[in-house]
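Dear colleague,

I am passing on a structure for your records, together with some notes on what came out of it. Please look it over first, and then read on.

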Number of protein chains: 2
Amino acid sequence: MPGRFEILQKDLAGRIGRLSTPHGTIETPQLMPVVNPHLQIIPAPKLAEMGALMIITNSYIIHRDESLRERALELGLHGLLDFRGPIMTDSGAFQMSVYGDIEVKPLEILDFQNAIQSDICVPLDIPTPPDVERTRAEAELRLTESRLEEAALRPRGALLAGPIQGSTYSDLRMRAAEFLRNLDFDLYPVGGVVPLMEAYRFNDLVDVVVAAKKGLGSGKPVHLFGAGHPMVFALAAAMGCDLFDSAAYALYARQGRYLSARGTWRLEEMSWLPCSCPVCQGHSAKELMESPEKTKLLAAHHLYVSFQEMRLVKQCIREGSLWDLLEARCRSHPRMLDGMRRLAAEGDWLESLDGSSKSTFFYLGPESAGRPEVIRAGRRIERIMLHGSVLITDDPKADVSGFDHVLHFKPPFGPYPQELSETQPFNAETPEMTDAASLDQAEKIMRRLVKANPSASFSFRLKHMPDDKGREA
Amino acid sequence: MPGRFEILQKDLAGRIGRLSTPHGTIETPQLMPVVNPHLQIIPAPKLAEMGALMIITNSYIIHRDESLRERALELGLHGLLDFRGPIMTDSGAFQMSVYGDIEVKPLEILDFQNAIQSDICVPLDIPTPPDVERTRAEAELRLTESRLEEAALRPRGALLAGPIQGSTYSDLRMRAAEFLRNLDFDLYPVGGVVPLMEAYRFNDLVDVVVAAKKGLGSGKPVHLFGAGHPMVFALAAAMGCDLFDSAAYALYARQGRYLSARGTWRLEEMSWLPCSCPVCQGHSAKELMESPEKTKLLAAHHLYVSFQEMRLVKQCIREGSLWDLLEARCRSHPRMLDGMRRLAAEGDWLESLDGSSKSTFFYLGPESAGRPEVIRAGRRIERIMLHGSVLITDDPKADVSGFDHVLHFKPPFGPYPQELSETQPFNAETPEMTDAASLDQAEKIMRRLVKANPSASFSFRLKHMPDDKGREA
């Protein structure tokens, strides 16, 4: 059934899913290369060969060009572009945000998308940029919402997207999402975020996306509009974004820039190409730089590394190691680390969504102290009922005679029943040296246990305590 | 001139270099695939096609097999293996460490390596394993050293390697290196470390390698014997290892394991292949799993990703961003983070070697507070001579009237003259939130400045102080 979205596996707020469209069901997270119908740097059939299962194009560009429009109406979008998989169409909202106005009415462009057999149609919303006055953000959001209400009532043969706007006001984003979730949309793009990504404002990106996700609930598929740099895929997927579109592959190629999941190089500053894709396997940095096909080759490289990173994200979601990937990816830039820290601060939300099947917990730095598994251990600690004398120790050889209960202690989890030592998450791999964030978290959880069991008397034999309060009296 | 080693670029203790051999000059760091003359999972000419510029094989295996021995003596090693680039030969020491004894005399196997025209010959040393009794480590080291002294006097047409042993005793490793640096060797392998890498004891690996490097001095080329997992290349290169050998590509392939720079998967647990190499581009995870050529294909994948990681390491050395790569790579496992922290604790040593030309400093977590640039800022702070009234502030809008000197303050660097704001390293990109390690380091450097200028009077206008002592009185 077109529009149906199934979630198969979960990790953090991310998931492996399946979205049904008239031209087939695709697995998410999925990256859609952007195809410019005027200028296909890599033609759509070639994109399919390279691994693109779904693409996105701009219905406004097609509509505005008489020859393209007629061919699209005659052949359908799939015939026009020679692509058999699902095709999503944008509405011209981006052009409006750049040029101020466009020459088509909202329902006209929506009906046109249906007429050319788009698989996912996007109504003409108002993509409000970041940091505008609140009154403007609110007014534009009202206009977007009224257009979306109108769009949702229109007859359709395809999926319909309901973009979530609201500028950098998290409460507006959340409210917009709450409003739209009850209308009949199949996909929820988070819009107006390209300027945040261009300015490396990944902490603000996290605020905006998490607010939208909280408003939507976890069951709806989400498209992060304009997220095409592989550096952000892990972070965006961890927040629960399911679709991505990349114009970046072509834009960066034209600028002579070389993408990787660790960031961007200018090609002329590269002596070696740190990639094994067909382009990089076939060219040295110098050969690529001097090739007359440089732009096309760079674009192809960008798509290969982007699809590769998406496969890695999926593999990590499947095995429950997406946090570990985030720890690595967020070392690509201090702003990425800011983004990850902002997401880590949403530990309660992540914990509420996170799947329980996990690969071994790796403690990889202070941010790991806020992982959902740790939050969950803290939430569950109060269920432990203790009476009499209790020993909490991190010494496996401690003399436990005379105690009614013995709990082990391991930062960042705090105390836990010793019989759980070999089970998740307490079998975590942790570094030799414990850091302050890990100890603080463990101590906080231990205090909750002590408070929840006022009738028990606690003794502590700990090497690893942050201050003297926890030591044995 | 064979044996000549030139250093072209430096970052941390790592470097881009050039090592001359009878069969050509190779760029370092360089990975040598191990070729088993009996069982070439990927034949040497194919290795060359895949990007191997240099290989390593085992002279003992050749010597022990009459047919191989005769062909090697007749055709030379390069004819035997059909490889035109430099070939290094091992001596059988590894076999001795596994089987306890071998059937050849030290000078016999050395002369044989010369006779078959090896480019780099390795005398038969004693690879002492980790954690043995000190008396055994010392005795075996004495034996190794006497054999090496003998070997160094032998006539030769090739490069001669002087392996550094000493088990897990850093002082023995350093002393061995100091002894050998004055003998006539062309390359210094650090030996006996495979068990450390197999057990993920990367902190002990760092201790051993850094000790050897300190004893050798920076000008000598170093081979990290048995380091073939791409996960360790960045860390090993950052310590100043120049040559690597990989039997891992074949060993892991036979075990059905899949290597990446982020760690190891079992192939059967993979749903997607997160790589763009010719193998992974041409197969799905399921196809690879079911291929009758699985072992060969996995081995090829391993080499592609290994060469790829080596190119990335070189690119990072060249642009001065090797630390950033370490920050990401050491998030592959908590034991890798232990290794990085151990290296970060060698900040003074790294600072003494580190090149000065750098990409923008990225603060990517507590370990970044120990980067050489920060150590250097701390070392130089005492050169700043101040008299009269001094303001130290992190507020660019602070009222500075009435002060004789104004210094800016930015963790982790501490105070610096404001005119250096746009220069390295003070133009560092730092996260929005400052962490404790960064503040501690900055405060320590600030105290050194205050102490070095007893006649000046200091005022502070700081948002970012870890305690009240630094605030304006």
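Are A:Lys286 and A:Glu290 buried or exposed? Both A:Lys286 and A:Glu290 are exposed, where exposed stands for over 50% relative accessible area, buried for under 20% and partly exposed for what lies in between, with a 1.4 Å probe and protein chains only.

Before the rest, the conventions: this is a predicted model, in which local features need pLDDT of at least 70 and side-chain atom pairs count only at pLDDT 80 or more, whereas totals for chains, interfaces and linings use all residues. Residues are numbered from 1 along each chain as its sequence is written, chains are lettered from A and ligands numbered from 1 in the order in which they are written, and side-chain values use heavy atoms, with hydrogens and water left out.

Salt bridges

A salt bridge is taken as a side-chain nitrogen of Lys or Arg within 4 Å of a carboxyl oxygen of Asp or Glu, and by this rule there are 64 salt bridges over all chains. One of them joins the side chains of A:Lys286 and A:Glu290, at 3.5 Å from N to O; because these two are four residues apart in helix H13 (residues 285-290) of chain A, about one helical turn separates them (helices are DSSP runs of H or I with at least four residues, strands are runs of E with at least two, and both are numbered from the N terminus). In chain B, B:Glu351 and B:Arg379 form a salt bridge with their closest N and O atoms 2.7 Å apart. That pair links distant parts of the chain, since B:Glu351 belongs to helix H17 (residues 347-353) of chain B and B:Arg379 to helix H18 (residues 372-380) of chain B, 28 residues apart. B:Glu351 is buried, with a relative accessible area of 8%, while B:Arg379, at 40%, is partly exposed. Through shared partners, salt bridges also join A:Glu327, A:Arg331, A:Arg341, A:Glu367 and B:Asp435 into one network.

Aromatic rings

Rings of Phe, Tyr and Trp (its six-membered ring) are paired if their centres lie within 6.5 Å, and a pair is stacked with planes under 30 degrees apart, edge-to-face over 60 and tilted for the rest; the whole structure holds 16 aromatic pairs over all chains. The rings of B:Phe185 and B:Tyr188 have centres 6.1 Å apart and planes at 75 degrees, so this pair is edge-to-face. B:Phe185 is buried at 7% relative accessible area, and B:Tyr188 is buried at 0%. B:Phe458 and B:Phe460, by contrast, are stacked, with 6.4 Å from centre to centre and 10 degrees between the planes, and both residues are buried.

In chain A, ring pairs link A:Phe361, A:Phe413, A:Tyr416 and A:Phe426 into a cluster. A:Arg371 lies over the face of A:Phe361, 4.2 Å from the ring centre, where a charge counts as over a ring if NZ of Lys or CZ of Arg is within 6 Å of the ring centre and within 35 degrees of the ring normal.

The two chains

With copies superposed by least squares on the C-alpha atoms of residues with pLDDT of at least 70 in both, a rotation of 180 degrees with 0.0 Å of shift along its axis brings chain A onto chain B, at an RMSD of 0.0 Å. That is the relation of a two-fold axis, and the C-alpha of chain A nearest the axis is that of A:Ala328, 2.2 Å from it.

With kind regards
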